[in-house]
Amino acid sequence: MTFTSHMDQALVEARAAATRGEVPVGAVVVSPGGVVVAAAGNRTREWCDPTAHAEIVALREACRIVGSERLVGHDLYVTLEPCPMCASAISQARIARVYYGASDPKSGGVAQGPRVFSHAQSHHVPEVYDGIGADAAEDLLKAFFAARREA
């Protein structure tokens with residue numbers, strides 16, 4: 001099987017989030033067969049919900065579609081390193097592989113900060129691949145925050 005990145009679709013979701021005034025983060029859940037099951041961008045402000053990160057929204061939709069709280073064998077593409085909350089949800093959902101773009105030194109929970117997957121309490125540890133589409137994700141985030149500072 002040939003690796004196909006779905007980061008471009010995650011970036012589309014991130015851009016859509018930015019147009020809604022959300023921090024531009026996008027996520028895509030892909031089935032073991034390579035089919036996109038769910039895609040989402042941040043919706044914390046729109047839904048007045050601090051848990052409505054792109055990863056959580058995409059995981060919820062994928063679980064609904066699959067009909068299970070587990071997404072065994074599924075992959076997650078996300079434009080920014082997952083925070084601790086999202087990393088924990090990824091573990092609980094039994095995601096097989098996480099591909100993320102930009103690292104998040106301030107709020108990351110995978111390679112930064114608490115490194116959720118390295119704890120004994122992490123029931124499932126996905127394979128993690130970083131830097132996929134990192135430049136585009138970083139540029140999008142920098143432009144978003146620069147525009148907010150200028151406003």
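**Close-up views of the predicted model**

View A. Arg115 sits in the loop between S4 and strand S5 (127–130). (Helices here are DSSP runs of H or I with at least four residues, strands are runs of E with at least two, and both are numbered from the N terminus.) This is a predicted model, so local features need pLDDT of at least 70 and side-chain atom pairs count only at pLDDT 80 or more, while totals for chains, interfaces and linings use all residues. Residues are numbered from 1 along each chain as its sequence is written, and side-chain values use heavy atoms, with hydrogens and water left out. Arg115 isn't a glycine, yet its phi is positive, at about 45 degrees. With a relative accessible area of 45%, Arg115 is partly exposed (buried means under 20%, exposed over 50%, and partly exposed is in between, using a 1.4 Å probe and protein chains only). Cys48 also has a positive phi, about 50 degrees, although it is not a glycine. Look for Cys48 in the loop between strand S2 (36–41) and H2. Its relative accessible area is 70%, so Cys48 is exposed.

View B. Phe117 is placed in the loop between S4 and S5. Is this residue buried or exposed? At 9% relative accessibility, Phe117 counts as buried. Skip the neighbours within four places in sequence, and Phe117 is in contact (heavy atoms within 4.5 Å) with Ala87, Ile90, Ser91, Val110, Ser122, His124, Val125, Pro126 and Val128. Phe117 and Met7 are 110 residues apart in sequence, and their C-alpha atoms are 22 Å apart in space.

**View C. Helices H2 and H3 packed against each other.** Two packed helices are described by the angle between their axes and the distance between the axes. For H2 (residues 54–66) and H3 (residues 84–93), the angle is about 20 degrees and the axes are 9 Å apart. (Axes are lines fitted to C-alpha atoms, for helices over the stretch in contact, and angles between N-to-C directions run from 0 to 180 degrees.) H2 and H3 are therefore roughly parallel to each other (that label covers angles under 35 degrees; over 145 is roughly antiparallel, 65 to 115 roughly perpendicular, and the rest oblique). On the H2 side, the contact is made by Glu55, Ile56 and Leu59, and on the H3 side by Met85, Cys86, Ala89, Ile90 and Ala93. Sorted by class, these are seven nonpolar, no polar and one charged (Ala, Val, Leu, Ile, Met, Phe, Trp, Tyr, Cys and Pro count as nonpolar, Asp, Glu, Lys and Arg as charged, and the others, Gly among them, as polar).

**View D. Helices H1 and H4.** The axes of H1 (residues 7–19) and H4 (residues 134–150) come within 11 Å and cross at roughly 5 degrees. H1 and H4 are therefore roughly parallel to each other. Leu11, Ala14, Arg15 and Ala18 of H1 make the contact with Ala136, Ala137, Leu140 and Phe144 of H4. Seven of the residues in the contact of H1 with H4 are nonpolar, none is polar and one is charged.

**View E. Aromatic pairs.** The structure holds three aromatic pairs (rings of Phe, Tyr and Trp, the last by its six-membered ring, pair if their centres lie within 6.5 Å; planes under 30 degrees apart count as stacked, over 60 as edge-to-face and the rest as tilted). Tyr77 and Tyr99 are stacked, because their ring centres are 4.5 Å apart and their planes are at 10 degrees. Tyr77 lies in strand S3 (residues 75–80) and Tyr99 in strand S4 (residues 97–102), so the pair ties together parts that are 22 residues apart in sequence. Tyr77 is buried, with a relative accessible area of 1%, and Tyr99 is buried too, at 7%. Phe144 and Phe145 have ring centres 5.1 Å apart and planes at 80 degrees, so this pair is edge-to-face. Phe144 is buried at 10% relative accessible area, whereas Phe145 counts as partly exposed at 35%. Ring pairs also link Tyr77, Tyr99 and Tyr129 into a cluster.

View F. His6 lies in the segment before H1 and counts as buried at 15% relative accessibility. Neighbours within four places in sequence aside, His6 is in contact with Val28, Val30, Gly34, Val36 and Tyr77. Ser31 lies in the loop between strand S1 (26–30) and S2, and at 14% relative accessibility it counts as buried. Ser31 touches Val37 and His74, not counting residues up to four places away in sequence.
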